[in-house]
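User: I have a structure to go through with you. Please take my questions in order.

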Amino acid sequence: MHSIVSRPMVVGGNVVPRPMMYVALTYDHRIIDGIEAVFFLGCIKDIVEDPRRLLLDMSSPQVRLSKLY
């Protein structure tokens with residue numbers, strides 16, 4: 001994970017500073033399918049944006065993957 005930095009974002013037609021952080025994921029394509037990695041990274045994004053989801057277990061990878069298949 002990278003540091004949190006204020007970056008310009010468009011919100012309601014106005015450019016305002018918002019805290020942003022880049023997250024990268026490295027995995028072996030021979031072992032993990034790309035779509036599973038994308039859903040995992042989406043779960044991490046959801047949890048970082050709203051930690052209550054982690055406490056309420058609303059964002060588990062199994063739930064997201066079960067919607068896919």
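User: In what pattern do the elements follow along the sequence?
Analyst: This is a predicted model, where local features need pLDDT of at least 70, side-chain atom pairs count only at pLDDT 80 or more, and totals for chains, interfaces and linings use all residues. Residues are numbered from 1 along each chain as its sequence is written, and side-chain values use heavy atoms, with hydrogens and water left out. Helices (H or I, at least four residues) and strands (E, at least two) are DSSP runs, numbered from the N terminus. The protein has three helices and two strands, and along the sequence they read β-β-α-α-α.

User: What share of the residues counts as buried?
Analyst: Buried means under 20% relative accessible area with a 1.4 Å probe, protein chains only. The protein has 69 residues, and the buried share is 10%.

User: Which element gives the most to the lining of the largest pocket?
Analyst: A pocket is an open set of points on a 1 Å grid over the protein atoms alone, where a 1.4 Å probe fits, with protein on both sides within 12 Å along at least five of seven lines; lining residues have an atom within 4 Å of a point. Strand 2 (14-20) and helix 1 (34-49) each supply at least two lining residues. With five residues, the top contributor is helix 1.

User: How many residues of that lining are charged?
Analyst: Asp, Glu, Lys and Arg count as charged. The lining includes Lys 45 and Glu 49. It has eight nonpolar residues and no polar ones, and the charged count is two.

Terms used: Buried < 20%, exposed > 50% of the residue type's maximum accessible area, 1.4 Å probe, protein only.
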